[in-house]
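The sequence and structure are shown first.

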Amino acid sequence: MADLSMSSLAIGSDEVEDFICSSCKEQANADFYCKTCLKLYCWTCILLHDKWFKKHSAYGRHEMNKWPVSKQVEEFLLKCEANKDDKIEMLCDDHSQLCCTKCAFNNHRNTV
């Protein structure tokens, strides 16, 4: 998985997050993702990238569905709701619920 950098800007209670260029020293917002390099690029850096790597496929912001999720989002999605320090690792077939091992042991075992 790509190591994606994100910046965040807190405005009151709203939080704005954006991807940061992997190559740029200016901490510019990324506008492209190269699937071959697994890196994000701003407009300036993608022009240089495209000159060097003509066969690579870069996806712009209009194709963000092809960008990987950030590490922060992945960790959030895999976090157990009941046990915040544990990751989801199992599926309880009886309850059709994703759970961590603690939840599986405490709440999702068959008692016959």
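A nonpolar core is a set of buried Ala, Val, Leu, Ile, Met, Phe, Trp, Tyr and Cys residues joined through side-chain atoms within 4.5 Å. Buried means under 20% relative accessible area, exposed over 50%, and partly exposed in between, for a 1.4 Å probe and protein chains only. The model is predicted, so that local features need pLDDT of at least 70 and side-chain atom pairs count only at pLDDT 80 or more, whereas totals for chains, interfaces and linings use all residues. Residues are numbered from 1 along each chain as its sequence is written, and side-chain values use heavy atoms, with hydrogens and water left out.

**Nonpolar cores**

Eight residues make up the largest nonpolar core: Cys21, Cys24, Phe32, Cys34, Tyr41, Cys42, Cys45 and Ile46. At least two residues of this core come from each of β3 (32-34) and α1 (43-52); helices (H or I, at least four residues) and strands (E, at least two) are DSSP runs, numbered from the N terminus. Leaving aside residues up to four places away in sequence, Cys45 touches Cys21, Ser23 and Cys24, where contact means heavy atoms within 4.5 Å. Another core, of six residues, lies apart from the largest one and includes Tyr33, Leu40, Tyr59 and Trp67. In soluble globular proteins, nonpolar side chains tend to be buried together.

**Aromatic pairs**

Three aromatic pairs are present in the structure. Rings of Phe, Tyr and Trp (its six-membered ring) pair if their centres lie within 6.5 Å; planes under 30 degrees apart count as stacked, over 60 as edge-to-face and the rest as tilted. The pair of Phe19 and Trp67 is edge-to-face, because the ring centres are 5.4 Å apart and the planes stand at 70 degrees. Phe19 lies in strand β2 (residues 14-20) and Trp67 in the loop between β5 and α2, so this pair ties together parts that are 48 residues apart in sequence. Both Phe19 and Trp67 are buried.

Tyr33 and Trp67 form a tilted pair, because their ring centres are 6.4 Å apart and their planes are at 45 degrees. Tyr33 belongs to strand β3 and Trp67 to the loop between β5 and α2, so parts 34 residues apart in sequence are tied together. Phe19, Tyr33 and Trp67 form one aromatic cluster.

**Salt bridges**

The structure holds three salt bridges, each a side-chain nitrogen of Lys or Arg within 4 Å of a carboxyl oxygen of Asp or Glu.

| Residues | N to O distance |
|---|---|
| Arg61 and Asp31 | 3.4 Å |
| Glu63 and Lys66 | 3.6 Å |
| Lys102 and Asp86 | 3.3 Å |

Asp31 is buried, with a relative accessible area of 19%, whereas Arg61 is partly exposed at 31%. Glu63 counts as partly exposed at 21% relative accessibility, and Lys66 is partly exposed at 42%.

**Surface patch**

Val69, Val73, Phe76 and Leu77 make a nonpolar surface patch of about 390 Å². Patches are made of residues with over 30% relative accessible area and no salt bridge, like charges being joined within 9 Å and nonpolar side chains (Val, Leu, Ile, Met, Phe, Trp, Tyr) within 5 Å. Val69 is placed in the loop between β5 (58-60) and α2 (71-77) and is partly exposed, with a relative accessible area of 40%.

How values were computed
Accessible areas come from the Shrake-Rupley method with a 1.4 Å probe; for residues, only the protein chains shown count as cover.
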